[in-house]
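Here is a friendly tour of a protein, taken one topic at a time.

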Amino acid sequence: KLALFILAIPAFLYLNKFKSVAEKISVDRKLFFLIILFPLTFLTSIINDSSEMLLLQLTYMIPSIFILTISLFALNRIGEEKFFGIISFSVVVISTFFSLIGLLQVMDVELIPLPQIIIPGSTIGHRGFAAEYLLPAIPFLLILKNYIKKDYTPLLLFAGVINLSFLFFTRSRSALVLSILILIVLFVYIILKKDHKDKIKTLVPIIGVYIISFLLSLIPPIKGERSDFGLNAASVVDTENRSNKMRMNFWSASLQMIKENPISGVGLQRWSGIYPKYYGDEFVDSHIYFVHAIHSHNDFLELFAENGFAAPIVYLIIILLILYNLYKKSKSNENYYLILLSSLSTVGFSLIAFPMSKFSSYFFFAIAAGLALNAVKEKVIKFSFRQISYVLIILFVIGIFTSYIRLNSELSYIKAIEYKNGGDYGNMVKQLDNVNKVLYPYDATKQPVEYYTSIGYYRLRKLDEALTHSLNAERLSSHNPIVLHNTAGI
């Protein structure tokens, strides 16, 4: 995220050199007010005693608001055609680069040394992250087709094979299902909207790329999991599959949280720490450290469970309005339909994963939101380019500041864990003191940082401090078995 804000500065300065194609920026009034309203739905944190997480939650929204705003700014500054040409080219180049490295990695060829802490096969860090980034990126290949010379078409087809085959190599079952659904929707659109000659010219390369990519993905990867494509695909409907069972448990627990707290929710960032209350039998002594309940694997259920009914309703209306606006725009410009398909893939992931919590997953949807917010004929609110520039500058400052603090905190946390593994608990505690507890209260597995501080003090035999920090961790994650186990031990 820090890289996004820093790299966007020269882009912002470059955009300001252009003479605007429009005098003012017009935005859809309904969508604008709903976006403003959405953060206010988190004020239920005051009622559910999680207000200390409010600032963290709001900073999580900064990157998506920034991407939305700069997309809106760029669209009006340089015009639709230039915007689509530049953005599609950038996306295709980056996604192809990521996919090529990922393909080589699953075949045990390290083009760039990557950490092996998580599943191999993704420069973004995780199989799910890669799939949720790549599937929304695929429609940009079709957009780019309209902006390149015919001589470069073979390169574009090659990029399509690289991207799609790596998408299938991630062995993400949700990505496989959603890619088929998106392909069907695209086929229907082409068949209904294009004449016979154009149908064949458009469908043949798409089908060819899809088939070649699918056949390549049948090659068993040397690294990674779920190497058998057939078994992986069949597991989608296997009720005994462990991953499927876990999702059902996550959703069941979410519904129980909603039933008990429908108005205010259980609290911001609290889902993971409360989940064991409903499925505590999973956490026997032999499995107490195997934490897997980090998110509910459904953005709407998690929003509802943590914040009450208002947040998911407003969020759903925002999504529907974005999709509706893109569909209306697609009647005059086919590119918007492809952006709509990209958005639908992210929405699909929202039902079975947690793209709202992953920067790489919501990136393209934020761009789509900026395009959908732009309005011409409907009821609009008009802003000057100067006003939008000021908003972007404010977002730059806040984004860089908070991202830098969070990055430094994570680096201090990682160093502390290294000291812990080496038995140096004094330096472990010192490093954890450098962690900002407001912007980095949890690690990547939703374990409270206070829990690790407690461990450090316990090993130093400072039991009063250990108990204080363990109770702080318990307040953040009330039913976390590891935290409770630690408190009981002290």
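The notes below start with the whole protein and then visit some of its parts.

What you are looking at is a predicted model. Its secondary structure comes to 21 helices and two strands. Of the 490 residues in the protein, 52% are buried. Among contacts between residues at least 6 apart in sequence, 76% join residues at least 24 apart.

**The nonpolar cores**

- The largest nonpolar core has 103 residues, and Phe-66, Phe-83 and Leu-326 have the most contacts inside it.
- Helix 3 (residues 54-78) supplies the largest share of this core, with 13 residues.
- Which residues does Phe-66 touch, not counting those up to four places away in sequence? They are Leu-4, Phe-5, Ala-8, Leu-392, Leu-395 and Phe-396.
- There is also a second, separate core of 15 residues, and among them are Ala-416, Leu-432, Val-449 and Tyr-451.

**Helix 19**

- Nine of the eleven residues of helix 19 (residues 449-459) are buried, so the rest of the structure largely encloses this helix.
- The buried residues run through Val-449, Glu-450, Tyr-451, Tyr-452, Thr-453, Ser-454, Ile-455, Gly-456 and Tyr-457.
- Two of these names, Val-449 and Tyr-451, also belong to the second core.
- What covers the buried residues of helix 19? The cover includes helix 17 (385-421), helix 18 (425-433), helix 20 (463-476) and helix 21 (481-489).
- After helix 19 comes Arg-461, which has a positive phi, near 65°.

**Helix 13**

- Helix 13 (residues 299-307) is another mostly covered helix, with eight of its nine residues buried.
- Those buried residues are Asp-299, Phe-300, Leu-301, Glu-302, Leu-303, Ala-305, Glu-306 and Asn-307.
- Their cover includes helix 11 (242-260), helix 12 (271-274), helix 14 (310-330) and helix 15.

- You can find Ser-389 in helix 17.
- Why does Ser-389 count as buried? Its relative accessibility is 11%, and buried means under 20%.
- Not counting residues up to four places away in sequence, Ser-389 touches Phe-12, Asn-16 and Phe-73.

**The two strands**

- Strand 1 (residues 25-28) and strand 2 (residues 380-383) pair in the antiparallel sense over four bridges.
- Within this pairing, Asp-28 stands opposite Val-380 in strand 2.
- Ile-25 and Val-27 point one way from strand 1, while Ser-26 and Asp-28 point the other way.
- Are these four residues of strand 1 buried or exposed? All are buried.

**The cavities**

- How many cavities of 30 Å³ or more are there? The count comes to three.
- The largest cavity holds about 90 Å³ of space.
- Its lining is made of Leu-142, Lys-145, Asn-146, Leu-186, Tyr-189, Ile-190, Lys-194, Thr-202, Ile-206, Glu-334 and Leu-338.
- By class, this lining has six nonpolar, two polar and three charged residues.
- Helix 8 (173-193), helix 9 (196-217) and helix 15 (334-352) each supply at least two lining residues.
- Which helix gives the most to the lining of the largest cavity? Helix 8 does, with three residues.

Methods
Residues numbered from 1 in each chain as written. Predicted model: local features only at pLDDT ≥ 70, side-chain atom pairs only at ≥ 80, totals over all residues. Heavy atoms only, no water. Buried < 20%, exposed > 50% of the residue type's maximum accessible area, 1.4 Å probe, protein only. Contact = heavy atoms within 4.5 Å. Core = buried A, V, L, I, M, F, W, Y, C linked by side-chain atoms within 4.5 Å. 1 Å grid on protein atoms, 1.4 Å probe; cavity = no way out; pocket = protein on both sides within 12 Å on 5 of 7 lines; lining within 4 Å. Points joined across faces, edges and corners; volume = space filled by probe spheres on them. Nonpolar A, V, L, I, M, F, W, Y, C, P; charged D, E, K, R; others polar. Pairing = 2+ DSSP bridges.
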